[in-house]
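Subject: Structure handover

Hello,

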Amino acid sequence: FVWPMLTHIMDQRELRRGEGPIAVILAPTRELARQIYLEAKRYSKLYGCKVCAVYGGASKWEQIKAIRQLCEIVVATPGRLI
C-alpha cells in the first residue's frame, strides 16, 4: 500500500507551512506502526518524502515536532493519533 500512496503524493503540490500530512497509515499496535514506519521511510527516501511515526511509548513533543516539519506520511496508532 505504500507504493500507490507515494505515487499519489508525488502528484500533489509541495506542502506549505501549516499543511499536511497527505497520507495517514493507521496501525493497531506500536510494534506494527514502527515496522510500517521503517519500511515506508525506506521506500519514500527514493521520492524525497518525509515519513513520521506517532505512537505511544515515545515522546509526544518529539513526534509533534516531526509532524510540524512538513511530514507527508504519518504512521500512527489510534490512541496517539487522537
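**Salt bridges**

The structure holds 3 salt bridges. Bear in mind that this is a predicted model.

Arginine 13 pairs with glutamate 19; their closest N and O atoms are 2.8 Å apart. Arginine 13 is partly exposed, at 47% relative accessible area. Glutamate 19 is also partly exposed, at 28%.

Arginine 30 and glutamate 31 form another, with an N to O distance of 3.8 Å. The cut-off is 4 Å, so this pair still counts. Arginine 30 has a relative accessible area of 43%, which makes it partly exposed. Glutamate 31 is partly exposed at 49%. The limit for exposed is over 50%, so glutamate 31 stays in the partly exposed class.

Glutamate 39 and arginine 42 also form a salt bridge, with the closest N and O atoms 2.9 Å apart. Both residues lie in helix H2. They are 3 residues apart, about one turn of the helix. Arginine 42 is partly exposed at 48% relative accessibility. Glutamate 39 is partly exposed at 36%.

**Helix H2**

H2 covers residues 30-44.

Which residues of H2 are buried? They are Ala33, Ile36, Tyr37, Ala40 and Ser44. These residues cover an arc of only 110 degrees around the axis, so they sit on the same side of H2.

**Strands**

Strand E3 (residues 73-76) pairs with strand E1 (residues 23-26). The two run parallel, and 4 bridges join them. Within this pairing, valine 24 has valine 74 of E3 as its bridge partner. For isoleucine 25, the bridge partner in E3 is valine 75.

E3 also pairs with E2. That pairing is parallel as well, over 4 bridges. E2 spans residues 51-54. Valine 51 stands opposite isoleucine 73 in E3.

How are the faces of these strands covered? In E3, both faces are covered. Ile73 and Val75 are buried on one side, and Val74 and Ala76 are buried on the other. E1 has one covered face, made of Ala23 and Ile25. Its uncovered face carries Val24 and Leu26.

Val24, on the uncovered face of E1, is partnered with Val74, which is buried in E3. Ile25, on the covered face of E1, is partnered with Val75, also buried in E3.

**Surface patch**

Trp3, Met10, Leu46 and Tyr47 form a nonpolar patch on the surface. Together they have about 430 Å² of accessible area. One of them, methionine 10, lies in helix H1 (residues 2-10). Methionine 10 is partly exposed, with a relative accessible area of 41%. Patch members need over 30%, so methionine 10 passes that limit.

**Loops and the end of H3**

Glycine 57 lies in the loop between E2 and H3. Is glycine 57 buried or exposed? Its relative accessible area is 72%, so it counts as exposed. Glycine 57 and arginine 80 are 23 residues apart in sequence. Their C-alpha atoms are 9.5 Å apart in space.

Arginine 68 belongs to helix H3 (residues 60-68). Arginine 68 is exposed, at 69% relative accessible area. Its C-alpha atom is separated from that of glycine 18 by 7.4 Å.

Leucine 70 is in the loop between H3 and E3. Leucine 70 has a positive phi of about 55 degrees, although it is not a glycine. Leucine 70 is partly exposed, with a relative accessible area of 31%.

Best wishes

Methods: Residues numbered from 1 in each chain as written. Predicted model: local features only at pLDDT ≥ 70, side-chain atom pairs only at ≥ 80, totals over all residues. Heavy atoms only, no water. Buried < 20%, exposed > 50% of the residue type's maximum accessible area, 1.4 Å probe, protein only. Patch = residues over 30% accessible without salt bridge, like charges linked within 9 Å, V, L, I, M, F, W, Y side chains within 5 Å. Areas by Shrake-Rupley, 256 points an atom, 1.4 Å probe, with all protein chains shown as cover. Salt bridge = Lys/Arg side-chain N within 4 Å of Asp/Glu carboxyl O. Pairing = 2+ DSSP bridges. Expected span 1.5 Å × (residues − 1). Arc of directions from axis to C-beta.
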